[in-house]
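Hi,

Here's the structure I promised to send over. Have a look at it first, and then read my notes below.

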Amino acid sequence: MALSVRSKPYIIPEYSLTGDLLSYLTCGLQYRYQNKGTLPPAMPIQLWFGDFIHGVMEEAYLRWDEHDWKDFPWDWETQIRDIELEIDKRMRSRGLQPPANLFCPFKAEDENQGLCPDHNHPHKLVASIRAEAAINTWGPHLFPLIDDSEVKLKGIRDMPHYQKGTSRSNYYGITGIIDVLSSVKLDEASDKNLIIKYLHQNPVFQYKLENLEKPEYEIIVDYKGMQRPPINSPSWQHHQWQVLTYSWLRSMQPESSEVLVGILFYLNELSLFKDDIQELKRDVEEGKTDIKPYADDLENILRWNDQSEPPALSNSLKKLRSIRIIPVDYDNQKKSLSEFDTVVDDIEGSIIKEVKGCGIQSSWKINPEKRTCDACDFRTFCKESKTGKIYPTVP
Ligand SMILES: [Zn+2]
């Protein structure tokens, strides 16, 4: 009797825009080790923090909405800490351990010291300082505008350069998660709302608003656990592609209205540590940032040297630098989609190379940039790593 050969299951590879595509663009080899590794799960510090702060903002919105926590600022110990522990618990269940110098995972009564400085838990370490600043700065302005939180986006695209027998599939899936702000909520909001103020100062938004075909519109929002990138950097461009691709995915959902702009929050701008000030100073000196400090802020940044404590910058500068409004237009949207097609093509090509036995380090593109390498778990055996010695860094 002849046995029939079971056909291969039909699988459409699915790519998350931030978790896969942007992560791959940061460094292909790091992405490979982190996602498809035979090694135990490891996650670069920036990625852990990006996931963490995203989760914290989403959970904070739910508590604002459901527990009616409408008064700001929220207290760290009695309100925010519980949110952090909840997000940490969820991330651990996915195998993601918090970096010890970044987050204290213990409750007050815990006898375990872990890598904390003493037993007086909880410690407000870097991740907590950033979470508190993010919630208390943007929560009062952002949460009242949210119409729908954690909206899952999903789309299907043709596999670039599909070849029967070689390609894994003729399609690929692309996914993301956003918060959606609606025109209804924007109309209802207080005239002291800072986000609305910034939107109205944006000429493209203003123009789109005056030329609406229907009265309803939307704004999509995402959070970044990082500093505002310099305008000549790949990240600056990649984040624009991300927002535009999200707007395309959103436009295919039947309940959506026209997306006028996307907003990204660069939440690390709200609490700047030494490394951050150093980057900011360099971007200012080289004229590579779109939101420039002036007066006292400018002087404090230019005068600062890495032997001294980070200068206190004005709240207005920190807020302005932490919000980026990205207009949505059809041509740029199309361009972004084709950019991500190219990224998928690269990843799929690397997978095929590796399957054919080319070896991991020869199959995946390495993209060494000092900041990426410094925070990379794989630097010790990566032949291209830009880091010699190991220093702990903040995300
Ligand atoms: Zn602790």
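Let's start with cysteine 104: with a relative accessibility of 0%, this residue counts as buried. (Buried means under 20% relative accessible area, exposed over 50%, and partly exposed in between, using a 1.4 Å probe and protein chains only.) Cysteine 116 is buried too, at 6%. As for disulfides (a pair of cysteine sulfur atoms within 2.5 Å), searching the whole structure turns up zero.

Before going on, keep in mind that this is a predicted model, where local features need pLDDT of at least 70 and side-chain atom pairs count only at pLDDT 80 or more, while totals for chains, interfaces and linings use all residues. Residues are numbered from 1 along each chain as its sequence is written, and side-chain values use heavy atoms, with hydrogens and water left out.

Next, valine 56. You'll find it in helix 3, residues 45–66 (helices are DSSP runs of H or I, at least four residues, numbered from the N terminus). Valine 56 is buried, at 0% relative accessible area. Ignoring neighbours within four places in sequence, valine 56 is in contact (heavy atoms within 4.5 Å) with Ile83, Glu84, Ile87, Ala131 and Ile135.

Now for helix 4 (residues 76–93) and helix 5 (residues 126–142): their axes come within 11 Å and cross at roughly 105°. Axes here are lines fitted to C-alpha atoms over the stretch in contact, with angles from 0 to 180 degrees between N-to-C directions. The two helices are therefore roughly perpendicular, the word for angles of 65 to 115 degrees. Among the residues making this contact are Trp76 and Glu84 of helix 4, and Ala131 and Ile135 of helix 5.

Cheers

Methods: Angles under 35 degrees count as roughly parallel, over 145 as roughly antiparallel, 65 to 115 as roughly perpendicular and the rest as oblique.
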